[in-house]
Amino acid sequence: MKTITLPRIFEPFYCSGLIRIGKDHDGGYLVNKEDISKSKSLLSFGINDDWSFEEQFLGINNCPLYGYDNSVNDDMLKGKNLQEAHQKFFQGTKHHISKNVGKYNTINEISFKDTLENKGSDIFLKCDIEGSEYDILDDIISNTKLFSAIVMEFHEINNFAKFNELTHFISKIDQKLVHIHINNYTYLDIGKGQSYVPSVIELTFTSSPNISYKRNIKLPNVLDMPNCPERDDFAIVF
């Protein structure tokens, strides 16, 4: 197993309620079950062809779902033979809105601010929008108290500017980081097989109190799975 060393700002708190939600390998995340149970809605940015996270989440707490993704359309669903499954899942209080999330309202985008309208508080936020997350980080920070939890995938963190934006976000968000996992699909080998830099990382934050500080939490967690099953997961040290 390869090892990646990260700054201590990425060191998570211990959380007694971590469970894995979503399909095996790519598409699943570790989250705090207490956050799921207390959530009044699930706000999901980035659906694509996999709503296993949303389906399993609602199996625990059948709250309203608002999923945003402009890439999900009839042609895409038909090409992947997912039309029937999509229609069966997204009905009633499970909404799919065919827009991406950004800073402003356009033909293909809805502003982050508008996604929060009439949602109240205790919103569980899941975000995997392929690099566009940096456009809404300040908005998330400003509205942190509305969220029961936040699970996000951050892209291009091998870029110095993006890495700085990420560490700023961690330092400012009014929630506790309780899990970190490196996506093993893409990374940089900067030391001839001895030193690596991640490109994509998954972070989970909680607003619940079932956390404590413990040194040397072993990562990956026993519940983690490598995104790419043909490659080893990354160990993380700080």
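The largest nonpolar core has 37 residues, of which F45, I140, F154, I201 and L203 touch the most other members; such a core is a set of buried Ala, Val, Leu, Ile, Met, Phe, Trp, Tyr and Cys residues joined through side-chain atoms within 4.5 Å. Strand 11 (147–154) supplies the largest share of this core, four residues. Apart from it lies another core, of 21 residues, with Y29, I47, L82 and A149 among them.

The model is predicted: local features need pLDDT of at least 70, side-chain atom pairs count only at pLDDT 80 or more, and totals for chains, interfaces and linings use all residues. Residues are numbered from 1 along each chain as its sequence is written, and side-chain values use heavy atoms, leaving out hydrogens and water.

| Residue | In contact with |
|---|---|
| I201 | L6, F10, M152, E153, F154, I157, L166, I180, H181, I182 |
| Q175 | T144, F147, S148, A149, I150, F205, T206, S207 |

Q175 is found in the loop between helix 7 (160–172) and strand 12 (176–182); helices (H or I, at least four residues) and strands (E, at least two) are DSSP runs, numbered from the N terminus. Q175 is buried, with a relative accessible area of 8%, where buried means under 20% (1.4 Å probe, protein chains only). The side chain of Q175 reaches the backbone oxygen of F147 at 2.9 Å.

Definitions and conventions: Buried < 20%, exposed > 50% of the residue type's maximum accessible area, 1.4 Å probe, protein only. Polar contact = N/O pair within 3.5 Å; in protein donor to acceptor, adjacent residues only side chain to side chain. Contact = heavy atoms within 4.5 Å. Lists of a residue's contacts leave out its neighbours within four places in sequence.
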